[in-house]
Amino acid sequence: MDEKTSDRISVLLIDDERDYSDTMGFYLKAKGFKVRCADSGRAGLEQIEAEPPEIVFLDFLMPVMNGVETLRCIRKIAPDLPVVMVTSYAGAEQMEEARSIGIEDIFAKSEDFSVAARMVRHALSRAVAKKAV
């Protein structure tokens with residue numbers, strides 16, 4: 001999957017830190033991805049139900065409904081949707097719990113956004129390969 005096909009890939013960023021999701025969204029849009037943002041787990045779930053994206057970047061630490069709780073709800077409505085957990089800090093227990101529920105990867109907020117773009121392409125390549133089997 002090359003950069004020319006990225007304009008067809010829809011990404012949902014779920015993060016209560018609007019400055020961060022706006023910045024990440026700006027980068028991904030510049031790379032040709034279709035990006036939507038949600039500032040809470042509940043808002044993200046509503047967007048997934050209304051118009052499912054092809055991949056979700058989901059923050060671990062959010063008020064009211066944290067990332068793990070949101071991930072559980074995502075798995076009920078979209079069991080195969082690739083989800084990348086986003087964190088500036090998450091404990092080993094949280095990361096293990098998210099992995100057991102089913103995530104594609106973990107993206108550290110300190111990483112360059114180019115890593116996130118590669119994660120999108122890798123996750124979707126894996127999803128296509130799974131469907132072909």
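Which residues are linked in a network of salt bridges? They are Asp 15, Glu 17, Asp 59 and Lys 109. By salt bridge I mean a side-chain nitrogen of Lys or Arg within 4 Å of a carboxyl oxygen of Asp or Glu.

Two remarks on the source. This is a predicted model, in which local features need pLDDT of at least 70 and side-chain atom pairs count only at pLDDT 80 or more, while totals for chains, interfaces and linings use all residues. Residues are numbered from 1 along each chain as its sequence is written, and side-chain values use heavy atoms, with hydrogens and water left out.

Asp 15 forms a salt bridge with Lys 109, and their closest N and O atoms are 3.0 Å apart. Asp 15 lies in the loop between β1 (10–14) and α1 (18–30) and Lys 109 in the loop between β5 and α5 (113–132), so this pair ties together parts that are 94 residues apart in sequence. Helices (H or I, at least four residues) and strands (E, at least two) are DSSP runs, numbered from the N terminus.

Lys 109 also forms a salt bridge with Asp 59, where the closest N and O atoms are 3.7 Å apart. Asp 59 lies in strand β3, so this second pair joins parts that are 50 residues apart in sequence.

Are these residues buried or exposed? Both Asp 59 and Lys 109 are buried. Buried means under 20% relative accessible area, exposed means over 50%, and partly exposed lies in between (1.4 Å probe, protein chains only). The relative accessible area of Lys 109 is 13%, and Asp 15 is buried at 3%.

A further salt bridge joins Lys 34 to Glu 51, with the closest N and O atoms 2.8 Å apart. Lys 34 is partly exposed at 41% relative accessibility, and Glu 51 is partly exposed at 37%. The search of the whole structure finds 5 salt bridges.

I turn now to strand β4. Of its 5 residues (83–87), 5 are buried, so the strand is largely enclosed by the rest of the structure. Val 83, Met 85 and Thr 87 lie on one side, with Val 84 and Val 86 on the other.

Strand β4 pairs with β3 (residues 55–59) in the parallel sense over 4 bridges; pairing requires that DSSP finds at least two bridges between two strands. Strand β5 (residues 105–108) also runs parallel to β4, joined by 4 bridges. Met 85 stands opposite Leu 58 of β3, and its bridge partner in β5 is Ile 106.
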